Structures are given as C-alpha cells and as structure tokens.
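Hi there,

Here is the structure I promised to pass on to you. Please open it alongside this email, and my notes follow below.

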Amino acid sequence: MAHLRTFFTFLLDKAVLSVNPIPRSYLKLFFKQSDFSTGRKWYLFSKDEISALREELLKEYKGATIANSVSRLALIVDTYLGLRPEELQVLKFEQLVKYEGSYTFKIDDSWSEKEKKPNGSLKDRPKGTYRYCLPIKNIEVIDLIKDFQIKQKKYLDEYGLKNTSGYIFLNLHNYKSISSNNQLSVTQKSLNEKLKAVCKNAGIEKQKDSILALYSLRVYLSSLLGNDNRISNMYACQRMGNTIQVFLSTYVKENRESYKENSQLWNC
C-alpha cells in the first residue's frame with residue numbers, strides 16, 4: 001500500500017491523476033484499532049544496568065585479543081551514542097571530532113547488510129548529509145578508541161594488511177575482505193549476540209515479552225533525552241537522526257527510574 005501510494009503520488013505530480021486513490025493513514029481507514037498488534041517492544045535498560053553493562057564490557061574488552069575485542073568496543077561506544085546498527089558499523093577513526101567542547105562523531109554513511117557495502121548516505125537522507133552524534137563526555141572511552149587505532153594498525157601490519165576503509169569496527173577475522181577493495185565491518189548479528197552474552201555475564205535479564213538488541217541502547221538513550229526537561233527535543237532529534245514525530249512516538253519511553261518515582265509519588 002505504501003508503494004502504491006508513492007506511485008500514485010508520482011502520477012499526481014505529473015497531472016495524470018487529480019486524487020490519490022490510496023488515502024493517507026490507509027491502515028486506520030481499512031482496519032479497526034483493535035486489529036493492530038502492539039509490534040516489537042525493545043528492552044529498556046535501567047541506569048544501573050547500563051553501568052553494569054559498561055563495566056562488564058570494559059572488563060571483557062581488556063581481556064580479549066585484538067580481533068575479539070572489536071564487537072566489545074563497538075558496544076561500549078554505542079552505550080554512549082545509541083546509533084542505528086548500520087551507522088555504528090561504518091564509524092571511522094577520522095570521524096571522531098571535537099564539537100562544541102566535547103568529543104563526538106560526525107557521520108555521513110550507513111551499512112547495507114544485504115549488499116555488504118556502504119549505502120553512501122545516512123538513512124532516508126540525501127548523499128552528503130551529515131550529523132553530529134551525542135557527545136561522549138567519558139574521556140576513557142575516547143582513549144580506548146585512540147588506543148585501539150594503534151593496536152589495530154599493529155595487528156594488520158603483522159599480516160601485511162591495511163585498513164583502507166578507515167572503519168573502527170573492521171571485521172578482523174575476515175582476512176579476505178580486509179585484503180579486498182570492499183572491506184567488511186562486524187555484522188549486526190554478531191553485535192546483537194555479543195550484547196546478549198555480555199548482558200548475561202553482567203546479570204541483566206530481559207523481560208520475556210521484550211527484544212534485547214542494539215536498538216535497546218538507542219531506545220534507552222532516546223528515553224533519557226526525551227525525559228530530561230533541560231534538553232530540547234529538537235537537539236535530541238538532530239543528534240539521534242530522527243524527525244521529532246518519530247523520535248517521540250517510537251523511541252521515547254518513560255525511563256524505569258522515573259516510572260518508579262511516579263508510582264511512589266502517587267497517593268489517592
């Protein structure tokens with residue numbers, strides 16, 4: 001239906017049609033509200049769980065080999081940025097910049113799992129469009145990234161290889177791709193599996209009706225932003241890369257701490 005509406009909109013612009021036969025909000029027109037399912041429910045971390053997750057990730061990262069530390073570093077970084085998985089995969093060392101007094105990443109691309117190559121643009125954005133991510137105030141994380149760049153180069157030099165893509169989270173297990181013109185990043189599947197494993201090691205158990213994945217980190221940070229009255233929604237949308245409508249309706253949930261506080265405040 002969405003594709004048909006887009007097709008007929010094209011015909012409207014060409015003056016072939018005067019009215020689009022597929023109405024706006026067509027699902028609500030054809031179905032009752034009770035016919036809809038609730039959809040996916042992302043697991044929402046608490047602040048204590050994020051602290052425990054970061055601590056466990058850092059411990060495992062320091063004890064892992066260079067090749068095995070890639071996914072752990074990616075998860076550490078994402079607990080501060082809340083990127084879409086396809087944006088996280090193509091983060092580059094050169095994109096780490098200082099902006100408005102803090103370190104952050106200036107990104108302009110995303111990864112296609114289907115095509116196994118960069119899309120050439122951010123999601124639903126024209127090529128060349130960029131955005132600044134959330135600031136990373138934890139200098140230890142910045143030092144980890146800079147130190148990993150040195151370790152990664154040393155590791156690749158041992159095998160006569162080079163990181164021509166500039167990816168931070170280059171798949172160091174795939175020597176064939178590293179030596180090719182299309183270097184591969186770590187996969188979303190491996191990142192999601194690593195997140196679940198580390199959460200288990202950290203004693204974090206998700207609710208049975210929720211999904212624990214990279215998007216859980218995005219929902220957590222979005223909820224923090226959306227529930228902080230000191231931060232404007234426009235700023236949050238710009239840093240997270242969403243329209244304000246999508247940001248508020250899809251990502252912003254009441255964080256678990258404030259929900260508990262509200263329950264304790266209520267008295268009738």
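Is Tyr-175 buried, partly exposed or exposed? Tyr-175 counts as partly exposed, at 37% relative accessibility; here buried means under 20% relative accessible area, exposed means over 50%, and partly exposed is in between (1.4 Å probe, protein chains only).

A word on the source before the rest. This is a predicted model, in which local features need pLDDT of at least 70 and side-chain atom pairs count only at pLDDT 80 or more, while totals for chains, interfaces and linings use all residues. Residues are numbered from 1 along each chain as its sequence is written, and side-chain values use heavy atoms, with hydrogens and water left out.

Now to the core. A nonpolar core is a set of buried Ala, Val, Leu, Ile, Met, Phe, Trp, Tyr and Cys residues joined through side-chain atoms within 4.5 Å. The largest one has 63 residues, and those touching the most other members are Phe-45, Leu-53, Leu-91, Phe-105 and Phe-169. Elements that each supply at least two residues include α3 (47-63), β2 (102-107) and α6 (139-158). Helix α4 gives this core its largest share, nine residues. Helices (H or I, at least four residues) and strands (E, at least two) are DSSP runs, numbered from the N terminus.

Next, the rings. There are eight aromatic pairs in the structure; rings of Phe, Tyr and Trp (its six-membered ring) pair if their centres lie within 6.5 Å, and planes under 30 degrees apart count as stacked, over 60 as edge-to-face and the rest as tilted. One of the pairs is Tyr-99 with Tyr-132, stacked at 3.6 Å centre to centre with 0 degrees between the planes. Tyr-99 belongs to strand β1 (residues 96-99) and Tyr-132 to strand β5 (residues 131-132), so this pair ties together parts 33 residues apart in sequence. Tyr-99 is partly exposed at 29% relative accessibility, whereas Tyr-132 is buried at 19%. Another pair, Tyr-159 and Tyr-175, is tilted, with 5.1 Å centre to centre and 35 degrees between the planes. Tyr-159 sits in the loop between α6 and α7 (175-178) and Tyr-175 in helix α7, so parts 16 residues apart in sequence are tied together.

Ring pairs also link Tyr-99, Tyr-130 and Tyr-132 into a cluster. Lys-106 lies over the face of Tyr-130, 4.2 Å from the ring centre; a charge sits over a ring if NZ of Lys or CZ of Arg is within 6 Å of the ring centre and within 35 degrees of the ring normal.

Best wishes
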